[in-house]
Amino acid sequence: MFIRTVEKTHGVEWGNGKSYRLLTKNDNMGYTICHTIVYKGTESRLQYLNHLEACYCLSGTGKVISQDGCQEFIIKPGVLYVLNEHDAHYLIADKDSDLILVSVFNPPLNGDEKHVLSDNGFSQY
């Protein structure tokens with residue numbers, strides 16, 4: 001058994017937010033759990049080619065939109081969104097407050113991955 005806190009976890013800046021990797025591959029749990037902050041007013045073009053991700057919203061509001069724009073989901077506290085097909089997507093945080101998520105990755109992250117955001121496609125890892 002062990003305990004780890006956000007305050008004692010090194011956060012990884014990923015461009016439009018910060019990710020605190022509370023569990024990583026080295027913990028041998030088979031998945032990663034992150035406390036993820038998406039900065040207010042940002043739009044991120046993201047895709048996970050090597051991981052599946054589920055995100056549960058704790059606070060803030062925003063939306064997630066499919067790459068082709070055909071699917072759009074409102075994110076607010078109590079909502080879980082799942083990227084179960086390595087989906088390229090837009091993650092948008094509303095302008096009023098940061099979006100706070102619990103993100104779960106499978107297989108687990110090493111812990112040092114970070115997005116490189118640009119206008120030329122979706123940031124991938």
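Me: Two strands pair if DSSP finds at least two bridges between them; how many bridges join strand 5 to strand 10 in this predicted model?

Reply: Seven bridges join strand 5, residues 52–59, to strand 10, residues 99–106, and since at least two are needed, the two strands therefore count as a pair.

Me: How many helices and how many strands does the protein have?

Reply: There are zero helices and eleven strands, and from the N terminus on the elements accordingly read β-β-β-β-β-β-β-β-β-β-β.

Me: Why is A88 called buried?

Reply: The relative accessible area of A88 is 9%, and the word applies under 20%, so A88 qualifies as buried. A88 is found in the loop between strand 8 and strand 9 (89–93); leaving aside neighbours within four places in sequence, A88 is in contact with L46, Q47, S66, Q67 and F122. A88 and D68, 20 residues apart in sequence, are 8.9 Å apart in space, C-alpha to C-alpha.

Me: How do you know whether N28 and H86 are buried, partly exposed or exposed?

Reply: N28 has 68% relative accessibility, and exposed means over 50%, so N28 counts as exposed. H86, at 30%, falls between the limits of 20% and 50%, and H86 is therefore partly exposed. Phi of N28 is near 55°, a positive value in a residue other than glycine, and H86 likewise has a positive phi of about 55° although H86 is not a glycine. N28 lies in the loop between strand 2 (17–23) and strand 3 (32–38), whereas H86 lies in the loop between strand 8 and strand 9.

Me: What is the omega of the peptide bond from N106 to P107, and where does P107 lie?

Reply: Omega is near -5°, and this bond is cis; P107 belongs to the loop between strand 10 and strand 11 (123–124).

Me: What makes a group of residues here a nonpolar core, and how many residues has the largest one?

Reply: Its members must be buried residues of nonpolar kinds such as Val, Leu, Ile and Tyr, joined through side-chain atoms within 4.5 Å; the largest such set has 18 residues, and V38, I75, Y81, L91, L99 and L101 have the most contacts inside it. Strand 3, strand 5, strand 8, strand 9 and strand 10 each supply at least two residues of this core, and its largest share, three residues, comes from strand 10. Not counting residues up to four places away in sequence, L99 touches V38, C57, I75 and L91, among others. Apart from this core lies another, of five residues, including I65, Y90, I92 and F122.

Me: How do you know whether the radius of gyration agrees with that of a compact globule?

Reply: For 125 residues, a compact globule would have a value near 14 Å, and the protein has 14 Å, so the two agree. Its C-alpha atoms fill a box of roughly 45 × 30 × 25 Å along the principal axes, and buried residues make up 44% of the 125.

Methods
Residues are numbered from 1 along each chain as its sequence is written. This is a predicted model: local features need pLDDT of at least 70, side-chain atom pairs count only at pLDDT 80 or more; totals for chains, interfaces and linings use all residues. Side-chain values use heavy atoms; hydrogens and water are left out. Helices (H or I, at least four residues) and strands (E, at least two) are DSSP runs, numbered from the N terminus. Buried means under 20% relative accessible area, exposed over 50%, partly exposed in between (1.4 Å probe, protein chains only). Contact means heavy atoms within 4.5 Å. The radius of gyration is taken over C-alpha atoms; the globule rule is 2.2 Å times the number of residues to the power 0.38.
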